[in-house]
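Good morning, and thank you for making time for this item. I would like to take the group through one structure, beginning with a single residue and ending with the chain as a whole.

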Amino acid sequence: TQCESCPAGKIQEGLSCTDCAAGQSSPAGVDQCFVCALGLYTDRKGIPSCFDCPNGYYDDNALEGSSCKICPKGYYSGLATKSDCSECQIGRYGDSIGMSGCKLCSSGKYQPSTKKTSASDCVNCAAGKYQNQIGMSSCKNCPTGQYQSQTGRTGCINCQVGKYSSQTGRSGCSACSRGKYQSQVGQSSCI
């Protein structure tokens with residue numbers, strides 16, 4: 001008669017097959033248990049192969065492999081095998097533990113730093129500036145002929161008839177000087 005190999009997740013010890021420990025796996029026919037690689041785990045005995053840590057978790061312990069750790073605020077882990085967590089990038093924040101992706105700052109706001117943990121870390125655009133996109137690291141200057149007098153805005157306002165703005169990033173428009181006029185809105189000079 002012929003001996004049979006132990007099934008996956010088990011190794012031969014004497015005349016019987018024994019489960020690989022939690023944090024280890026073994027393919028069928030291999031008589032050795034292997035510790036799960038970084039970013040992989042198994043929390044039960046006798047498992048044929050290791051699993052990816054779930055999104056929002058990571059495993060950085062090359063000696064154990066039986067559990068995954070949760071990513072802290074300001075960090076995330078996504079789809080790839082996770083041996084560590086990634087920082088939330090500029091324009092984003094992570095306000096809870098175990099995130100699979102960071103949240104984007106809303107329009108009218110910006111966020112110039114990494115690893116931020118709250119929506120309050122997103123900063124209102126200053127007067128004279130705006131941001132019409134989400135998840136941005138800076139604000140845009142209002143163009144010539146326009147202004148914005150309030151903070152945290154998504155656009156600028158055209159200068160009114162009789163007024164102008166010759167510079168970008170203005171919080172108000174200037175009145176045409178004596179002897180000059182402007183009959184159109186949104187202009188950068190008077191005639």
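Which residues does Cys85 touch, not counting residues up to four places away in sequence? Its partners are Tyr58, Cys71, Pro72, Tyr75 and Tyr76, where contact means heavy atoms within 4.5 Å.

Before I continue, a word on the source. This is a predicted model, in which local features need pLDDT of at least 70 and side-chain atom pairs count only at pLDDT 80 or more, while totals for chains, interfaces and linings use all residues. Residues are numbered from 1 along each chain as its sequence is written, and side-chain values use heavy atoms, with hydrogens and water left out.

To return to Cys85, this residue sits in the loop between β9 (75–76) and β10. Strands here are DSSP runs of E with at least two residues, helices are runs of H or I with at least four, and both are numbered from the N terminus. Cys85 has a relative accessibility of 15% and counts as buried. The term buried means under 20% relative accessible area, exposed means over 50%, and partly exposed lies in between, with a 1.4 Å probe and protein chains only. Tyr58 is 27 residues away from Cys85 along the chain, yet their C-alpha atoms are separated by 6.4 Å.

Ser25 belongs to strand β3, residues 24–25. Setting aside residues up to four places away in sequence, Ser25 touches Cys20, Gln32, Cys33, Phe34, Ile47, Pro48, Ser49 and Cys50.

Gly39 has 0% relative accessibility and is therefore classed as buried. Its place is the loop between β4 (34–35) and β5 (40–41). Gly39 and Gly14 are 25 residues apart along the chain, and 33 Å separates their C-alpha atoms.

Pro7, in the segment before β1 (10–13), is partly exposed at 43% relative accessibility. Leaving aside neighbours within four places in sequence, Pro7 is in contact with Cys17 and Ala28. Between Pro7 and Gln148 there are 71 Å from C-alpha to C-alpha, at a sequence separation of 141 residues.

Let me turn to the charged pairs. How many salt bridges does a search of the whole structure find? The search returns four, a salt bridge being a side-chain nitrogen of Lys or Arg within 4 Å of a carboxyl oxygen of Asp or Glu. I shall describe some of them.

One pairs Asp19 with Lys10, with 2.3 Å between the closest N and O atoms. Asp19 is partly exposed at 33% relative accessibility, and Lys10 is partly exposed at 26%.

Another joins Asp95 and Lys103, whose closest N and O atoms are 3.0 Å apart. Here Asp95 has a relative accessibility of 28% and counts as partly exposed, as does Lys103 with 37%.

In a further pair, Lys115 bridges to Glu87, the closest N and O atoms being 3.9 Å apart. Lys115 lies in the loop between β13 (109–110) and β14 (123–124) and Glu87 in strand β10 (residues 86–87), so this pair ties together parts that are 28 residues apart in sequence. Glu87 is partly exposed at 30% relative accessibility, and Lys115 is partly exposed at 38%. Lys115 also has a positive phi of about 65 degrees, although it is not a glycine.

Finally, the whole chain. What does its secondary structure come to? There are zero helices and 20 strands. The radius of gyration is 30 Å, well over the 16 Å that the globule rule gives for 191 residues, so the chain is more spread out than a compact globule. That radius is taken over C-alpha atoms, and the globule rule is 2.2 Å times the number of residues to the power 0.38. Along the principal axes, the C-alpha trace spans about 110 × 25 × 15 Å.

Of the 191 residues, 27% count as buried. Among contacts between residues at least 6 apart in sequence, 37% join residues at least 24 apart. The chain exposes about 10900 Å², of which carbon and sulfur atoms supply 46%; these areas come from the Shrake-Rupley method with a 1.4 Å probe.

Thank you for your attention.
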